[in-house]
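The following paragraphs walk through one chain, from its overall layout to single residues. Please keep the sequence and the coordinates open while reading.

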Amino acid sequence: MSSIVDRYAGAVRSGNLLSKPDTTYSDIDVLGAVGLAGKRHPLAMALARLFVGDNHAARELVEILSAMARGKAAVLHVALKRTQADDMARAVLAWHRDGVCRACGGHGYQRIVGAPSIGDNACPACRGTRKVPFDSQFSLERLVVARWLLAAVEREQAIAGPAAMAKLAERME
């Protein structure tokens, strides 16, 4: 995670939201920067809020992702109803948030029953990738939309910190 997202996580839990005139990095400044960045990058900032513990952001994320999926499906001529797009958005978000394979506990190797260790064989559920297979969660005709949506989530998450830093930089000038 980026420094600004770490600062945001601390600012959200802060008991002191007083502005410090000698700095632009006080908790209130960081909260304001994230809020301003959210106007231009709503998906990125909603993801940042989700990953610092704001579970209410999940509802907003599903709405944003669902609309994106419906738009992409229309462009690709893929049939996708609103409820199906909502389900796809939830599945993509859940996989991105916690896609760890439950069968192996995220180790990538088979567990040895009754032992505290893992074996030498790759986990048959995830094939050693340590994550739940993404593609198997979606029908073939909707898989291209789901993959596009996952790529969008990953791209937007990568810009969350820089977008907020840019808003802080504007205040420094």
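Buried means under 20% relative accessible area, exposed means over 50%, and partly exposed lies in between, with a 1.4 Å probe and protein chains only. The model is predicted, so local features need pLDDT of at least 70 and side-chain atom pairs count only at pLDDT 80 or more, while totals for chains, interfaces and linings use all residues. Residues are numbered from 1 along each chain as its sequence is written, and side-chain values use heavy atoms, with hydrogens and water left out.

The chain has six helices and two strands. Helices (H or I, at least four residues) and strands (E, at least two) are DSSP runs, numbered from the N terminus. Along the sequence they follow the pattern α-α-α-α-α-β-β-α. Of the 173 residues in the chain, 37% are buried. A contact is a case of heavy atoms within 4.5 Å. Among contacts between residues at least 6 apart in sequence, 55% join residues at least 24 apart.

Helix α3 (residues 42-51) packs with α5 at an angle of about 50 degrees, and their axes are 12 Å apart. Axes here are lines fitted to C-alpha atoms, for helices over the stretch in contact, and angles run from 0 to 180 degrees between N-to-C directions. The two helices, α3 and α5, are therefore oblique to each other. Angles under 35 degrees count as roughly parallel, over 145 as roughly antiparallel, 65 to 115 as roughly perpendicular, and the rest as oblique. The crossing of α3 and α5 is right-handed, a term for a near helix turned clockwise from the far one by less than a right angle, with anticlockwise giving left-handed. On the α3 side the contact is made by Leu47, Leu50 and Phe51, and on the α5 side by Leu93, His96 and Arg97. By class, this contact of α3 with α5 has four nonpolar, one polar and one charged residues. Ala, Val, Leu, Ile, Met, Phe, Trp, Tyr, Cys and Pro count as nonpolar, Asp, Glu, Lys and Arg as charged, and the others, Gly among them, as polar.

Two loop residues stand out by backbone angle. Histidine 77 lies in the loop between α4 (57-76) and α5 (82-98), and its phi is near 60 degrees, a positive value in a residue other than glycine. Histidine 77 counts as exposed because its relative accessibility is 74%. Arginine 130, in the loop between β2 and α6, is not a glycine either, yet has a positive phi of about 75 degrees. Its relative accessibility is 48%, so arginine 130 counts as partly exposed.

Cysteine 123 is also in a loop, the one between β2 (118-122) and α6 (140-172). It counts as buried because its relative accessibility is 3%. Beyond its neighbours within four places in sequence, cysteine 123 contacts Cys101, Ala103, Cys104, Gly108, Tyr109, Gln110 and Gly128. The C-alpha atoms of cysteine 123 and glutamine 110 are separated by 4.5 Å, with the two residues 13 apart along the chain.

How many disulfides does the structure hold? There are zero, a disulfide being a pair of cysteine sulfur atoms within 2.5 Å. For cysteine 104, the nearest cysteine sulfur is that of cysteine 101, 3.8 Å away. For cysteine 123, the nearest is that of cysteine 126, 3.8 Å away.
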